[in-house]
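Hi there,

Here is the structure I promised to pass on to you. Have a look at it first, and then read my notes below.

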Amino acid sequence: MDKLKKIAAVLAEKNKIALICHINPDGDTVGSALALYAVLRKKGKSADIFCADAISEKLKYLPFSDRFNINRERRYDAAVAVDCGDRGRMGVMAEVFDSADIKICVDHHKSNGLTCDYTRVEPEKASTAEIVYALIKAFDESALDKDSATAVYAGILTDTGMFSYPATAAETHRIAADLYGFGIDASDIAYNVLKKTAKKGFLLTHRALSRTRFFNGDRIGVVAFFLRDFEETGAGAGDTEGIVNSVQNIDGVYVAIALTEIDATHYRVSIRTKDPVDASDIAGVFGGGGHRLAAGCRLDGDIEDIVDKLVKAAGDLLV
Ligand SMILES: [Mn+2]
């Protein structure tokens, strides 16, 4: 039997099902989980959704986004990790995953290393939401509605950079077209999930970008978010999302790096690249991972040493 059909059959057979997102949740993991949640609930299943980190204000636009982490039962018949190929990326919710009788993973990360009973990884797919859409169709197409279609669309929209990243395929657009059939408001979703900016986010963007530093003949751009930026603008770590893309969009910049201060000696690192530079190769040097053009890692130490190390690692790929 086809893997996806097998997973659909397991979901049909089981009742208590946990859906688990990755930490630093993005639109794909949240949209994928919410779409499955909507469909499973509609079919009378006792589904619950979990994420170790808070859902961003933008993603709270999505139907059922207020249902996260409300029913932390310890035992589930099945748990599905969505858009998450690493136990560590589940944060504290790995406990929920571990406690389930059957473990399932639906993902598109190349570096998937999660041990499960059933795994469906499609690294060529632009988003996990596309795989989830196929899974829902295999499970029960009649359960799709505006809520689940909205969640799938949000996942696709965010992970494809509004249908602009290279992994976007004809099939991505076909699925999006299908979703219109359920009455989604694509323009409203795009505004609320991606474009909408709070003033504090605008202030953070302005501040951080004005300090952007360039290296290697302007081929590497580095932007940093410090704790004092969050304090002084009122913005949160979630408001940094997407800002690094402005650096990546600069003509001639092949590697854009964003550092977010966790505390004085710990930084979260987001890396965006242009072809042919592989972002996951840079993140991999420091124990991180991700995709070809978007990856991340964590680095500890003095900020200037961290910048030096990252610029060196990126520069090695820019010869
Ligand atoms: Mn994804």
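How many aromatic pairs does the structure hold? Before the reply, a word on where everything comes from. This is a predicted model, in which local features need pLDDT of at least 70 and side-chain atom pairs count only at pLDDT 80 or more, while totals for chains, interfaces and linings use all residues. Residues are numbered from 1 along each chain as its sequence is written, and side-chain values use heavy atoms, with hydrogens and water left out.

Now the rings. The structure holds four aromatic pairs. Rings of Phe, Tyr and Trp (its six-membered ring) pair if their centres lie within 6.5 Å; planes under 30 degrees apart count as stacked, over 60 as edge-to-face and the rest as tilted. One of the pairs is Tyr 37 with Phe 64: the ring centres are 5.5 Å apart and the planes stand at 65°, so this pair is edge-to-face. It links distant parts of the chain, with Tyr 37 in helix H2 and Phe 64 in the loop between strands S2 (46-50) and S3 (78-82), 27 residues apart. (Helices, H or I with at least four residues, and strands, E with at least two, are DSSP runs numbered from the N terminus.) Tyr 37 is buried at 2% relative accessible area, whereas Phe 64 is partly exposed at 23%. Here buried means under 20% relative accessible area, exposed over 50%, and partly exposed in between, with a 1.4 Å probe and protein chains only.

Tyr 153 and Phe 163 have ring centres 6.0 Å apart and planes at 50°, so they form a tilted pair. Together with Tyr 180, these two residues make up one aromatic cluster.

Next, the metal. Which residues hold the manganese ion? Asp 28 (OD), Asp 83 (OD), His 108 (NE2) and Asp 159 (OD) coordinate the manganese ion at 2.1 to 2.3 Å. Donors are N, O and S atoms within 2.8 Å of the metal (3.2 Å for Na, K and Ca), and sites may look incomplete because water is not among the atoms. His 108 sits in the loop between strands S4 (102-107) and S5 (118-121) and Asp 159 in helix H5 (residues 146-159), so the two tie together parts that are 51 residues apart in sequence. Both His 108 and Asp 159 are buried.

With a disulfide defined as a pair of cysteine sulfur atoms within 2.5 Å, the count comes to zero. For Cys 21, the nearest cysteine sulfur is that of Cys 51, 5.1 Å away. For Cys 105, the closest is in Cys 116, and at 5.0 Å that is too far for a bond.

Now find strand S8 (residues 255-263). Seven of its nine residues are buried, so S8 is largely enclosed by the rest of the structure. S8 runs parallel to strand S7 (residues 220-225), joined by six bridges, and pairs with strand S9 (residues 266-273) in the antiparallel sense over eight bridges. Two strands pair if DSSP finds at least two bridges between them. A hairpin of two residues joins S8 to S9.

Happy exploring!
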